[in-house]
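Let me put today's structure up, and then I'll talk you through a few pieces of it.

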Amino acid sequence: MSEKVLMKGNEAIAEAAIRAGCLHYFGYPITPQTELAAYMAKRMPKIGGTFLQAESEIAAINMVYGVSSAGKRVMTSSSSPGVSLKQEGISYIAGADLPALIVNVQRGGPGLGGIQPSQSDYFQATKGGGHGDYHLIVLTPASVQEMADLVSLAFDLADKYRMPAMLLADGTMGQMMEPVELPDEAPNMIEKPWAVTGTQMKREHNIVNSLYLVPEELEKTNNERFERYKYIEENEARYESFMMDDAEICVVAFGIAARVSRNAVVEARKQGIKVGMIRPITVWPFPKKPLAEAADKVKSFISVELSMGQMIEDIKLATSCKKPVDLCYRVGGMIPSPEQVLESIKKAAGGNE
Amino acid sequence: MAVVFEKPKSLTDAPLHYCPGCTHGIIHRLVAQAIDELGIEGKTVGVAPVGCAVMAYNYFSCDMVEAAHGRAPAVATGLKRAMPENVIFTYQGDGDLASIGMAETVHSATRNENITVIFVNNAIYGMTGGQMAPTSLPGQVTQTSPYGRDVTTAGFPIRVCEMLATLDGPEYITRVAVNNVKNVKQAQKAIKKAFENQINGKGFSLVEVVSSCPTNWGMTPQDALNWIDEKMIPYYPLGVYKDRSAEKEAE
């Protein structure tokens, strides 16, 4: 690792992407991810890369589709309303089995919503988002350091499994400044024999495509993709476990909600409440296994979200509804305070006495 | 026996799915011929549209990408930025290029993106069974303009070449037709030039090919070709609308 620098989350993503070998960036202005595009606009021309401000989010994601078809690492970034616009292209990228990185620095919705932080695109990110059966690998950073670290992981996983990956951040994570050690290892590039780089008259033509008019063929591609997804669910779920050894209450939270919840867990422990936290780092694949195991030990779960109760459904599924799951939330750009989470923990502890 | 006529090498052996009398076959051939003559098949990547030519990726022997409806110029932009040494072309219809993909068309033109765009204008949505297109003529009867295109409610047809020629960006904008031998010869020259421009780094070149759709126009192939002369070309005059390099030389 290199020296520590002080950076905004959005900038850390940009620099980490460049260091991960991504030399092509396409975007469209939207708050609160602007620093990311601005960083790319400054850096890319200096290193022979592409920064292109597209005419729309739709165009940007299709430019991503083009670069990815050529076998190069590529990314786009946006915030919630813009990510909705990208969904058509993301579905095509998934359907054509192309790797790419999409960054969503979430803001409150629905509609134009607001410009303050949110996690209310959870369903969109984890259940596919566009039309058709597909998933993205969805990584959720909880610090500026993770913003940087998860970027190169996202590119590696996307390349390995030939599917789009999403960094699901929020306005707070994008805007806040923290010291960060930027990765300085050479990026892990793999061969992409499927890429449309020109036949050079040495092979049959490659075709990047998501159209299958014969239903048997389309069914086959869907089944094959879901075999891959099954393997990913078994092997790539990532999470952090905090004070879970003797926990009777399990807080589940990611991103900024996990930062707040951590403080509440520490405070509750001081007050003698046996509480711990499972922080999903990937929300697809969702860390089902540790949650299922926790369900056999704890009395209840609390889902802390910046949404109206979205991740809570995955917690209930992962735990087969074995234990009650409470919801602690704020929305619209509001963030739960550590006190609010602590109250939820106390309520859960009291309710079980 | 002496071979006097051959299929271009840049076309595969896959049988074309197009309707009898459709001019897509001719236009495919002209594109493939240009690729052959310039010896660029090995470094060419084509982008197919959504529309009748959606399966063009099966017909060209170069590498191919299938784009979402209207997004071919954006996909081509990505391909070209990633591989500046390769030759990138899009092949799009009127609904794809002039309706849902208008923003991508205009902006790739104004950026003078160094790509070649083949724009097939047959004034109708063919693949979906004959709906009104942005280029359907005033009064033209289609499935979604059953009483004829009423310009007071459906607006006027868009003349893409004339509109793009107002931009400072693009290098070469031209309209040709493929309804007779003379026009096909002209189209052949224009398409080759549009590829040469890209090879020479000159930038965005668009060839609009006025084309027929006997099936959805409800005509015999011959009547459809005549209709191009009688109705289409008067509204969409053939000619070069912008040729920056030629204009510079003339100065």
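So, α1(A) goes past α2(A) in a right-handed crossing, right-handed being when the near helix is turned clockwise from the far one by less than a right angle, and left-handed when anticlockwise. Quick housekeeping: this is a predicted model, so local features need pLDDT of at least 70, side-chain atom pairs count only at pLDDT 80 or more, and totals for chains, interfaces and linings use all residues. Residues are numbered from 1 along each chain as its sequence is written, with chains lettered from A and ligands numbered from 1 in the order in which they are written.

Back to those helices, which are DSSP H or I runs of at least four residues, while strands are E runs of at least two, numbered from the N terminus. α1 of chain A covers residues 9–19 and α2 of chain A residues 34–43, and they pack at about 40° with axes 7 Å apart. Axes here are lines fitted to C-alpha atoms over the stretch in contact, with angles from 0 to 180 degrees between N-to-C directions.

Who touches whom? Among others, A:I13 and A:I18 of α1(A) meet residues of α2(A) including A:L36 and A:Y39, contact being C-beta atoms, placed from the backbone, within 7 Å.

Now the chains: 29 residues from B and 32 from A make the contact. On the chain B side, α2(B) gives the most, eight residues.

Last one: β9 of chain A, residues 207–208, pairs with β2(B) in the parallel sense over two bridges, and pairing needs at least two DSSP bridges. There, A:V208 sits opposite B:V65.

Technical notes
Two residues are in contact if their C-beta atoms, placed from the backbone, lie within 7 Å.
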